[in-house]
Amino acid sequence: MGSTYRNSIGILFTLVCAQPPDQPQADSYNQFKDDFAKDPLVTAQNHPQEYMKYIQENPEALGENLPAYEAVIRQDVKYINQNKNAFRYYAETRGVEFHFIDGDFKSFDVGTGIMETTGATGEVVTTFSFDGIETIKRMGGTGFGVNGDGKLVYVQPVYPNPELVTITGIVEEKNGEILLSEGKFSAEDEIIDIELTGNNRGKLVKSCQSYGESNCGLIEVEAMGSPVALHGGTLVKGKALVVDLFELDLQQDSDYLNRYGTKFSATKQTKIAWGGWGDRCLNVAYSCIEGSNPPSAGTRKQEKLVSSGMTITAVDGNKIKVEAKDGFYQKIIVKQINAEATEVDLRIAKPDGSTSRIVFSKDKPLSQGELAGLQTNIGHVFEVAGKRYPWIVYKGEPSKNTKGKLSEGLIGSVSKLAAAKSQEELTLVLGAIDTLKMEEVIGIAKNPKVDKERLKLILDKYESAQSSDDRLEKIYILNRVDTPAAAELQKEMLSQFGSISLSRMTELLRMISDKEKADSSGNVFKRLKFNELRKIIIEKTKVVGDQFLPSYLTELEKLNLELQKLALGNIDFNTPKTEEKGQALRTALMFYNDNPEKMNALLEQMPIIKDIGFNPKGFRTIFFDQEFQEKTKGLDFANKYSVAYTAQRYLDQRGTWESEDITEAIDVIMQQRERFSAQAILDENTYYIPMTHEEEWFKNSGMVKLARDAGVTQIADQNLKGSDAKDKFLDFVRDSGDKGKTTIHFNGHGGPNHQWLSAGRVGAEKANVQAIRPDAISYVEFGDALAERGNLGEVTVMIDSCYSKDFTDSLYDYLYTEKGVKDMPTVITETNRGQVGWGGTFGSALEKVHQKGQPLTGRDILITEPITFFKQDLTVTMPVVSKKATKFSKPETPGVVDLGSTVDDGAAEPPQKPMGEPSEKKPLELPPMVIEIGQSEQEMEEKLAVS
């Protein structure tokens with residue numbers, strides 16, 4: 001039987017006639033499997049029924065040899081219908097996933113991937129292809145399937161709710177588009193049910209992913225031979241994009257007739273919306289018409305139904321024509337038109353057969369036909385020579401401005417309507433405009449007959465041109481209106497604020513100052529007519545340290561003492577951002593520098609700011625100490641602040657606040673400052689080693705110029721820059737012992753463990769804890785070079801980078817603990833612990849204060865304090881030379897005076913060493929030979945900085 005089964009005549013017959021013989025008897029199935037294992041393609045092609053039985057039992061066999069499956073389904077589509085799961089798997093290999101296939105196929109072309117589904121009576125229902133499904137998928141379609149009726153089914157995720165779509169007819173993929181003809185498109189449980197016959201066709205479009213998105217939705221329909229019935233009406237001519245159940249976009253030069261007999265034509269894209277949720281025209285950039293549906297018909301005749309209204313917004317040169325029955329719409333509002341060549345041609349057919357026509361444009365409306373007696377209320381506002389006028393027809397009575405003479409301006413008209421009993425005319429006019437100007441709102445609101453509710457409607461039409469949040473400006477507007485309704489509404493609006501940002505408050509002050517040229521003070525608080533309102537605003541103003549704080553404090557100066565204290569107590573010094581805490585603190589104290597009484601009052605009610613180690617009570621005790629004032633008499637505020645702040649933290653650390661303790665702390669700090677001021681950092685006797693990051697921003701030339709101007713003649717290398725210069729730089733440091741007094745200067749990106757030579761921007765430094773890297777100099781490598789040099793008491797290091805104090809503390813700890821160094825260098829850093837810096841700030845400040853031809857000294861460094869006061873916090877750490885200074889040591893580091901923060905909250909990560917290097921000691925401990933003489937604040941950690 002095996003030889004008969006495989007004879008050459010049988011094979012030839014199969015190949016030529018493409019018709020397989022009857023399947024072998026059951027006992028031949030095992031023979032089939034043996035033959036299939038040897039030659040799957042020919043065996044499957046000759047015996048398709050046996051093959052279908054085989055893949056039913058062994059589904060994986062299909063994937064192992066797809067040509068065999070294709071050879072079978074080429075012969076007859078019935079083999080697809082026999083095992084639809086097999087076809088689903090095959091479709092996946094062609095890039096298409098069917099979630100289900102319940103219907104049967106009429107045909108399938110393996111080469112093109114085109115298939116036809118069939119209905120119960122055998123007719124073709126839907127024609128589509130794999131390529132077509134792929135394109136629909138790219139447009140957002142998901143969950144593809146074929147239902148029992150042969151319809152193509154998928155989910156279109158149109159915002160805000162996905163739609164189940166079913167399609168019949170010819171679905172053609174052409175140039176990346178999906179065209180539908182001779183069929184039907186259905187969605188929304190077949191409420192949307194669009195039949196395409198003759199030359200009419202549809203084009204599927206991408207899904208709308210968000211509210212207000214354009215050129216998206218479900219399907220674009222084109223009426224080419226005859227009108228096309230849509231769910232909301234009829235497309236008479238041209239194209240319409242069906243967005244969802246409640247809106248469509250009428251395309252250029254197209255006509256649409258809604259189900260209630262209103263005809264719309266437009267020369268440009270125009271959205272037509274009805275019902276649904278919210279304002280369907282909100283955020284639409286092109287023309288838009290929104291009209292509500294009439295109430296449910298019930299048992300009434302349809303011609304008696306009335307819609308509450310329609311609003312027409314025309315823009316961008318669009319010419320819109322609307323033809324409606326009189327009385328069908330309770331009101332039609334045509335928004336103010338501002339664009340040239342834009343028109344709305346409104347034609348209202350009266351019951352007597354006559355037509356009233358009004359053409360709205362940028363100019364005054366033109367009318368034709370009788371306006372009197374119209375059952376449809378019409379509202380519009382137009383502008384002439386900068387002045388706006390209402391144009392309305394209400395209850396069959398045209399307004400004054402419809403009669404040819406402009407006699408009633410917007411302010412007077414709305415003011416009168418706002419005081420009237422009926423609100424309908426007011427809504428007609430307000431609905432026709434997007435916004436009211438400030439002077440218009442004030443002019444209308446001054447009418448004492450306007451109650452609070454009408455005043456709300458008017459105020460809602462005001463939008464600030466300066467800010468998205470115009471609530472405070474509205475309160476200011478009400479404050480300029482002396483009516484009971486305005487006062488009541490002010491209080492109500494203020495009570496709804498959770499808080500008022502300082503920047504928003506200051507923006508209001510600036511706006512008032514611009515508007516009120518006669519009074520440039522911008523005193524919003526004094527303009528408020530009621531002290532109660534001032535108090536409410538102050539209570540709700542959340543104040544943090546930013547650029548607007550001085551403006552706010554200036555305003556407070558004009559208030560009575562009680563309100564000033566209330567406002568000062570409301571300054572937030574404990575905001576989550578550390579840099580804002582320091583900014584707020586310094587700004588407020590600096591503002592009251594010349595008013596000790598108010599500074600004292602501020603400090604009395606200020607909370608402890610733990611993150612930056614600030615104790616307001618201790619600071620106040622020191623700052624207002626008579627001895628302190630005498631000893632710091634010649635210092636500017638920034639340096640006074642630095643001394644007082646440093647002394648306060650030391651005494652907090654020591655826990656003793658006796659008078660002699662204060663005296664001793666101040667004396668030590670002032671002595672160290674004096675010693676440092678006299679120290680020459682760059683002069684004719686200095687050997688200078690400048691090193692920069694590879695980025696162009698960091699320039700060796702500026703550093704070298706500063707050194708040359710200070711008299712330096714010995715420069716190791718003027719072009720030490722980037723990773724390639726690392727080894728040369730470290731050699732210069734090691735060999736500098738023979739040069740005597742040496743200053744080493746880093747300028748670049750920094751981290752707690754490295755001075756970076758490439759990469760190392762803010763945020764990356766903490767992730768790179770490996771100490772030895774080719775693209776950076778670690779404190780270990782730098783410390784080794786310094787220790788090998790020796791005699792570090794004649795070395796000064798300037799570090800102009802982020803986290804420079806963290807790097808310095810790690811360096812000191814390594815030199816003292818691991819290398820046994822006793823003679824420490826002086827280190828000047830751009831930033832304090834846990835801080836990033838502002839690129840160029842330190843260098844620019846030095847250039848400003850240094851006198852060309854004179855040595856650069858410690859005095860120059862301290863003079864930069866007022867310049868950098870609000871940006872970053874430099875530090876100076878010096879070797880201890882007096883016995884008195886050693887009394888300021890911490891218990892864990894005898895002989896070391898650490899005047900930095902008493903806590904390390906917010907500081908950078910502890911120093912890390914690589915494998916094989918000495919183990920890490922307690923982080924941030926200083927050896928007993930050095931003393932910090934600068935202030936220490938943990939701020940600006942999250943600021944974007946260059947260095």
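User: Which residues does leucine 230 touch, not counting residues up to four places away in sequence?
Analyst: This is a predicted model. Not counting residues up to four places away in sequence, leucine 230 touches Ile194, Val221, Leu235, Ala240, Val242, Leu248 and Tyr256.

User: At what angle do helix H21 and helix H23 pack, and what does that make H21 to H23?
Analyst: H21 covers residues 561-569 and H23 covers residues 596-605, and their axes are 9 Å apart. The two helices pack at an angle of about 50°. That angle makes H21, relative to H23, oblique.

User: Which residues of H21 and H23 meet, and how many are nonpolar, polar and charged?
Analyst: From H21 come Gln564, Lys565, Leu568 and Gly569, and from H23 come Lys598, Leu602 and Gln605. By class, the contact of H21 with H23 has two nonpolar, three polar and two charged residues.

User: Is lysine 598 buried or exposed, and what is it in contact with beyond four places in sequence?
Analyst: Lysine 598 lies in helix H23. Its relative accessibility is 16%, and buried means under 20%, so lysine 598 counts as buried. Leaving aside neighbours within four places in sequence, lysine 598 is in contact with Glu557, Gln564 and Tyr592.

User: Why is helix H30 largely enclosed, and what covers its buried residues?
Analyst: H30 (residues 779-789) is largely enclosed by the rest of the structure because eight of its 11 residues are buried. The buried ones are Tyr779, Val780, Glu781, Phe782, Gly783, Ala785, Leu786 and Arg789. What covers them includes helix H29 (726-734), strand E32 (742-747), strand E34 (776-778), strand E35 (795-800) and helix H31 (804-817).

User: Where is asparagine 215 found, and what is its relative accessible area?
Analyst: Asparagine 215 is not a glycine, yet it has a positive phi of about 55°. It is found in the loop between strand E9 (192-204) and strand E10 (219-223). Asparagine 215 is partly exposed, with a relative accessible area of 44%.

User: Is tyrosine 803 buried or exposed?
Analyst: Tyrosine 803 is found in the loop between E35 and H31. Its phi is near 55°, a positive value in a residue other than glycine. With a relative accessible area of 2%, tyrosine 803 is buried.

User: What distance separates the C-alpha atoms of valine 876 and leucine 862?
Analyst: Valine 876 is found in strand E38 (residues 875-879), and at 1% relative accessibility it counts as buried. Leucine 862 is 14 residues apart from valine 876 along the chain. Their C-alpha atoms are separated by 9.3 Å.

Key. Residues are numbered from 1 along each chain as its sequence is written. This is a predicted model: local features need pLDDT of at least 70, side-chain atom pairs count only at pLDDT 80 or more; totals for chains, interfaces and linings use all residues. Side-chain values use heavy atoms; hydrogens and water are left out. Axes are lines fitted to C-alpha atoms, for helices over the stretch in contact, and angles run from 0 to 180 degrees between N-to-C directions. Helices (H or I, at least four residues) and strands (E, at least two) are DSSP runs, numbered from the N terminus. Angles under 35 degrees count as roughly parallel, over 145 as roughly antiparallel, 65 to 115 as roughly perpendicular and the rest as oblique. Contact means heavy atoms within 4.5 Å. Ala, Val, Leu, Ile, Met, Phe, Trp, Tyr, Cys and Pro count as nonpolar, Asp, Glu, Lys and Arg as charged, and the others, Gly among them, as polar. Buried means under 20% relative accessible area, exposed over 50%, partly exposed in between (1.4 Å probe, protein chains only).
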